[in-house]
Amino acid sequence: MSTPDQQQQQKFDWPQSVRNYVQRTFQASNEIPGVGREEKESRLKEIIRSEQERGTMFSTNWDEMPLPQQLIQKERQQALMAAVDPTTTQPKPHSSATNSKKRKSSDFSESKQTNGSTVPWRSTKALSLEDRVSKPATDKRSLMDGPLTGKSKLQKYVEKRQRRGDGGYQSSYRSPSPPLSSGPIVGLNTTLEKRYLRLTAAPKPEDVRPEGVLHHTLDLLKKKWRKENNYNYICDQFKSLRQDLTVQHIRNEFTVSVYEIHARIALEKGDLGEYNQCQTQLRALYRAGIKGNPIEFKAYRILYFIHTANRTALNDAIADLTTAEKEEPPVKHALNVRSALALGNYHKFFQLYLDVPNMGAYLMDMFIKRERLAALANMCKAFKPELKLRYVTEELAFESDAEAAQFIIDYDQELLQERGDHIVFLTGKAGQTFENARAQAFRRVDLKGQI
Amino acid sequence: MDGLIRQFRVAYATTNGEQLAETLNPDVHAHSAKFRAIWGRGDHRSMTADLNFLFHQDQARLSIRLSKEETSGWYAIYAVYWKAIGEILAVEGLRNDSKVGRFTDDGISIAEPMIHGVPLPSPLRQITRFRANQTKSSWAKVYDAWKELTLLVVRGYTNHDFENWTIPCLYVTGKHLRLYAMRADAERGLSNDNSAIDDLQDDFDPQAEENKCLEDCARHLNRIFQICASDRAPLEESRKWGVYYAVNLLFKTYFKLNSEPLSKNILRVISAGRSDIPPIDKFPKSQQVTFKYYEGVLAFLEENYVEAEKHLEMAWLMCHKDAQRNLELILTYLIPCRLLTTHTLPSARLLEPFPRLQKLFTPLARAIKKSDLRAFDIALRDGEDEFIKRRVYLTLERGRDIVLRNLLRKVFIAGGFEEAKDGAAPVRRTRIPITEFTAAVQISSGEAIDSDEVECLMANMIYKNLMKGYIAHERGTVVLSKSGAFPGTKV
């Protein structure tokens with residue numbers, strides 16, 4: 001109607017009720033002062049999109065649907081109300097909302113002034129006891145929040161804010177620090193799939209799925225991942241799943257399995273940013289004593305920090321291990337990888353690369369190239385005048401001579417030479433080639449996903 | 001309160017910063033009676049009345065001149081200090097004004113709540129009791145109260161014209177803020193209170209959870225650092241003299257929070273403003289030592305061992321001879337540093353006063369000297385937990401290179417000399433079969449090892465300049481340099 005082009009593009013035949021709804025939104029008689037046109041439009045789009053995604057475009061009763069501006073207004077009021085303790089009839093200031101630092105500081109300077117200069121009728125030299133004792137009470141505001149002082153003023157403040165809320169008080173909407181909720185919310189949403197959206201305000205129960213629903217969601221996602229292997233979709237779904245767990249403060253074995261599965265998928269796809277987020281959570285969850293697969297993930301964690309060359313974190317990861325854990329094969333493997341690299345023992349390192357437990361190979365793939373460069377730099381300095389290519393292939397765990405040859409040729413084409421039945425690698429002629437490549441590879445340690 | 005303010009006046013009259021700071025030192029254990037007297041019955045009104053009198057009416061006894069600004073600043077500070085004292089006494093179980101905390105009845109009689117000898121009217125006493133009953137003591141409350149105090153002290157400098165001789169007060173408040181923050185965090189950790197999760201996060205933030213107060217504390221300490229470092233007053237009056245107080249506190253906090261990058265930021269700020277921050281050797285030695293120690297450890301953690309050695313050595317030389325613990329800390333990093341930079345081992349005499357270090361380093365040093373790979377591996381494993389905790393493990397591990405170097409050197413020496421030609425000086429045998437080295441490594445480490453791995457280890461020796469020469473793989477020999485095959489070892 002108002003934007004026919006857009007509608008055609010979407011090849012979607014919109015029901016008349018939706019069109020009416022859009023029309024009503026922009027009717028002059030439905031304007032609410034303080035709600036801007038842009039806000040209205042974006043909210044309108046949001047509403048229609050979500051209906052479309054849910055496939056309830058035709059079933060929704062659009063005539064009953066509140067208009068976007070009404071929704072916005074309602075939310076603002078809720079945000080304000082949340083700042084006020086709802087249990088008392090007399091509005092009492094919520095500590096975090098009204099006792100912000102800013103307010104305090106102004107209170108203090110005020111009080112100092114009153115304390116610093118006494119009111120004229122009190123400047124008599126000899127103070128009677130009564131005067132002395134009652135004096136603080138007559139101060140406008142004592143230094144500390146005394147039981148009697150200050151309250152009425154704060155009440156006024158809150159009332160003022162509420163009044164302004166009716167008239168569309170704008171700046172309190174989406175204030176930088178939304179009020180803290182009193183406890184975890186309990187979700188009411190029962191749809192299995194949900195797109196991930198970064199929270200900018202406290203979540204609403206109707207948008208959050210309770211744990212029972214999330215179990216089904218996880219099953220569905222596992223199936224879909226196996227069938228469709230669409231990482232963008234899966235990652236998005238897992239993020240909203242994690243978000244729903246967090247806002248409901250659910251921390252149990254189910255939580256662990258969600259993070260473990262997401263971590264494995266992210267590893268497989270080389271999404272280290274997402275993987276690292278999961279890993280951080282898992283560490284905390286295991287530490288809280290929740291069951292899962294700590295051995296597997298502690299091993300990954302070590303490999304991950306080898307990749308990011310984060311010595312401090314690596315040290316901490318080792319510190320997290322118990323003596324028994326150090327003997328578990330996956331952890332032991334990761335520790336051996338670490339010490340082989342620390343000592344420059346590339347021989348051992350590449351042997352470990354050929355036999356990695358679980359999914360650790362995905363992580364080792366991340367740094368295998370740079371370690372090959374390091375090993376080649378090493379070999380070129382120590383071995384003279386040449387080495388058989390086959391030796392390089394075996395020592396550096398290339399799959400074939402061809403792969404090894406290609407790796408070397410990518411840096412310098414002059415370094416290989418045919419000798420009858422075999423190819424030699426002219427270590428003596430390599431000079432600084434691999435040393436430079438090594439230095440560059442290590443400088444470029446990919447830190448994405450590091451918080 | 002009287003005594004406190006008297007002390008305050010004396011300090012002010014003599015512009016003695018340390019003494020002034022002492023009035024804000026909440027050492028309730030050493031002087032519990034004194035602090036209980038200050039707290040009295042926890043009556044807020046009598047306290048403000050006292051302060052009012054002492055600061056405003058008692059001018060005649062004031063031997064010092066305080067500007068109106070300063071007066072209001074200090075007034076506020078002592079009022080909040082009093083409140084903090086109440087919280088501290090409560091949590092330490094030393095408060096006996098009400099049902100807060102544990103009762104301690106050790107015979108010290110606390111006077112009735114009185115103002116200059118006159119008891120309070122009873123309704124006020126009831127209010128006092130009521131207030132005290134409302135609360136449950138905790139370190140979190142101590143932290144909050146002390147934070148308020150810290151903010152006020154900081155504001156003293158920004159808004160109330162406090163002079164720079166008073167900066168020890170900043171230090172005392174900052175120092176205790178940090179201590180209380182750690183206690184508050186530990187206390188919360190025990191109670192496992194997860195109520196403060198930020199609902200807007202997609203995930204939990206375990207790190208921030210654990211150290212919530214300390215991270216908050218770091219922000220306030222940083223503020224202290226800022227108001228010191230950014231002061232533009234001429235040097236004699238400048239708060240720049242407080243810079244290292246603040247920096248050292250910040251280092252301690254950041255280390256505890258495990259965030260070296262933030263410490264590095266501070267170092268950068270300091271070196272950027274070095275031209276107008278007084279040179280470090282003009283500061284008290286204690287501050288210099290602490291600063292150099294942290295500067296050294298930071299370089300150490302970045303594997304910049306040469307730089308680290310420089311700073312740590314300065315700290316070592318300047319450190320007071322009786323500060324055993326500090327000396328021990330410095331050595332914990334200086335010894336591994338030396339091992340890598342100059343391959344020097346600690347002497348028995350050096351380690352003698354430090355049994356803990358002796359236990360940690362002596363087995364390693366002995367293994368290196370005897371070029372015993374097995375003993376080295378065992379020593380490293382035995383000390384692993386402690387080494388990891390001190391974050392020296394990854395550094396010490398590299399000492400294995402030195403053991404190996406010493407071992408290969410032995411093989412080289414055992415190889416003897418080539419027959420001298422034409423009466424020239426005899427030359428060492430420089431072509432050595434790999435098998436000889438392989439045998440040596442196997443004996444020393446007590447484990448089977450194949451020649452490929454030995455070649456790899458030797459390639460490393462050559463790569464790291466611990467050994468000069470090359471490996472002729474096809475012929476299975478190592479050809480060592482005729483002059484100085486093992487640099488720095490006279491062979």
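Start by selecting residues 271-441 of chain A, the stretch that an unreviewed UniProt entry lists as "domain: PCI". Keep in mind that you're looking at a predicted model. Over this selection the chain is 66% helix and 6% strand.

Next, zoom in on helix α12 (residues 272-287) and helix α13 (residues 294-307) of chain A, whose axes are 11 Å apart and pack at an angle of about 135 degrees. That angle makes α12(A) oblique to α13(A), and their crossing is left-handed. To see the contact, show side chains for A:Asn276, A:Gln279, A:Leu282, A:Arg283 and A:Tyr286 on α12(A), then A:Pro294, A:Phe297, A:Tyr300, A:Arg301 and A:Tyr304 on α13(A). Color them by class and you'll get six nonpolar, two polar and two charged residues.

Stay on α13(A) and bring in helix α18 (residues 360-382) of chain A. Here the axes come within 9 Å and cross at roughly 10 degrees, so α13(A) counts as roughly parallel to α18(A). On the α13(A) side, pick A:Ala299, A:Tyr300, A:Leu303, A:Tyr304, A:Ile306 and A:His307; on the α18(A) side, pick A:Gly360, A:Leu363, A:Met364, A:Met366 and A:Phe367. This contact has nine nonpolar residues, two polar ones and no charged ones.

Now zoom out and color chain A by domain: domain 1 covers 4-81, domain 2 covers 205-365 and domain 3 covers 369-443.

Notes
Residues numbered from 1 in each chain as written. Chains lettered and ligands numbered in written order. Predicted model: local features only at pLDDT ≥ 70, side-chain atom pairs only at ≥ 80, totals over all residues. Domains from an automatic or database assignment. Axes fitted to C-alpha atoms, helices over the stretch in contact; angles between N-to-C directions. Helix = DSSP H or I, 4+ residues; strand = E, 2+ residues; numbered from the N terminus. Parallel < 35°, antiparallel > 145°, perpendicular 65-115°, else oblique. Left-handed = near helix turned anticlockwise from the far one by under 90°. Contact = placed C-beta atoms within 7 Å. Nonpolar A, V, L, I, M, F, W, Y, C, P; charged D, E, K, R; others polar. UniProt positions renumbered as here; feature names shortened; annotations may be inferred.
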